[in-house]
Every structure is written in C-alpha cells, then in structure tokens.
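Let's take a look at a protein model together. Have the chain and its 3D view open as you read.

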Amino acid sequence: MAGSKENQDVVAAILKDHRRMEDLFRRMRSVEADRAAALKEFSALLIAHGEAEEAEVYGALKRFKNVDDEEVDHGTEEHEEGNKALLALLEVDEVGSDEWDERLEELVEAVTHHLDEEERTILNDTRENVPDERRAELGGAFLKERARQLASDCGRVENVRKVVHG
C-alpha cells in the first residue's frame, strides 16, 4: 500500500480516497456485488479519511492564506452530515431492502456533494498555495492518522455512533 511512503502529496492521497469511495458506491448499488462487504470497507474508509483530514490537514490548511477558512469549516460540517448518513445506513438490518437502498442514496448524495465541493475549493487552493514539501508532510501525517484509524476498526457501527454523537 502506498501509505508507507512518507512523502505523498496530501492532495493526491485525498483524491485517491475519493475515487475509492465512488468505486464503493458503485459496488453498494450493484445487486451482483457483495454489498455488505462494500459497505464495511466504505464505512472504515469514510471515518478514517474524515478523522485524518480533521486531525492533520484542515487545521494546517487554515494557516495558509488563499486557502478559504470558511470552506475548511464547511468541510467539517459536511463530514458530520456524511457520518450521520453512514450511521443511518449501518443501522438498517437488511442489506438491499428498500430502506437500505433509500439510505444508501442519502449517503451517496451527502458524500458526493462533499467530495465535489472539497475538490473544487480546498484541494485546488491547496494545490495552488501550499508548497510541495509542506503538502508532502501533510500527506504523511494524513496517511499515518488514516492508518491508525483503520487499524482501530473505525468503521464498526459502535465507533461511527461515537463519532456522530461525540
């Protein structure tokens, strides 16, 4: 896994996760796929990704001028919305039921909106205004925290409840 490389650009690391999330959405929507396994992977990825961004990336970016602080704060709010939608889906008993499909679409909508907005605002600002070596340091810190979260089984429903309810 690329996570062990110390100097990975934080923008590239975040975008890689975003593309993986979109791939997992396709799997969760597909009746041919193991939707429960896709949800389990997605849950861990969403929580690890969001927690690592908030712990290691967002605060650092706010110290750069030309990275919009309001967008960074808004990104945190959108993580909360995505986490709530994830919890609602995890709490549905039957994978593939009408309720499950409905909540999946709410999750897809919340997270896709956030990915799109974060890529257009925060990540573009970061690419343009944060020096390469600082982006590499942030990437290393992001990947380390992300790995720590994943190792703690952060996607299980009890932990998602803790993240959502504090």
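## The annotated stretch

UniProt, in an unreviewed entry, lists residues 10-123 as "domain: Hemerythrin-like". UniProt positions follow the numbering used here, feature names are shortened, and annotations may be inferred rather than shown by experiment. Helices (H or I, at least four residues) and strands (E, at least two) are DSSP runs, numbered from the N terminus.

A quick word on the model: it is predicted, so local features need pLDDT of at least 70 and side-chain atom pairs count only at pLDDT 80 or more, while totals for chains, interfaces and linings use all residues. Residues are numbered from 1 along each chain as its sequence is written, and side-chain values use heavy atoms, with hydrogens and water left out.

## How the helices pack

Start with helix α1 (residues 10-29) and α4: their axes come within 11 Å and cross at roughly 160°. That makes α1 roughly antiparallel to α4 (angles under 35 degrees count as roughly parallel, over 145 as roughly antiparallel, 65 to 115 as roughly perpendicular and the rest as oblique). Axes are lines fitted to C-alpha atoms, for helices over the stretch in contact, and angles run from 0 to 180 degrees between N-to-C directions. The crossing of α1 with α4 is left-handed, meaning the near helix is turned anticlockwise from the far one by less than a right angle; clockwise would be right-handed.

What about α3 and α4? Their axes are 9 Å apart, at an angle of about 165°, and the two are therefore roughly antiparallel to each other. α3 also passes α4 in a left-handed crossing. Now try helix α2 (residues 35-61) with helix α5 (residues 132-151): here the axes lie 8 Å apart at about 145°. The crossing of α2 and α5 is right-handed, and their contact has 13 nonpolar, two polar and six charged residues. For these classes, Ala, Val, Leu, Ile, Met, Phe, Trp, Tyr, Cys and Pro count as nonpolar, Asp, Glu, Lys and Arg as charged, and the others, Gly among them, as polar.

## Empty space

Rolling a probe the size of a water molecule over the atoms shows where empty space is left. On a 1 Å grid over the protein atoms alone, a cavity is a set of points where a 1.4 Å probe fits but cannot get out; a pocket is an open set with protein on both sides within 12 Å along at least five of seven lines; and lining residues have an atom within 4 Å of a point. Grid points are joined across faces, edges and corners, and a volume is the space filled by probe spheres set on the points.

The largest pocket holds about 180 Å³. Its lining includes A36, L39, D153 and R156, and α2 gives the most to it, with four residues. The lining of this pocket has seven nonpolar, one polar and three charged residues.

How many cavities of 30 Å³ or more are there? The count is one, and the largest cavity has a volume of about 90 Å³. Among its lining residues are H49, E78, H79 and H114. By class, that lining has five nonpolar, six polar and one charged residues.
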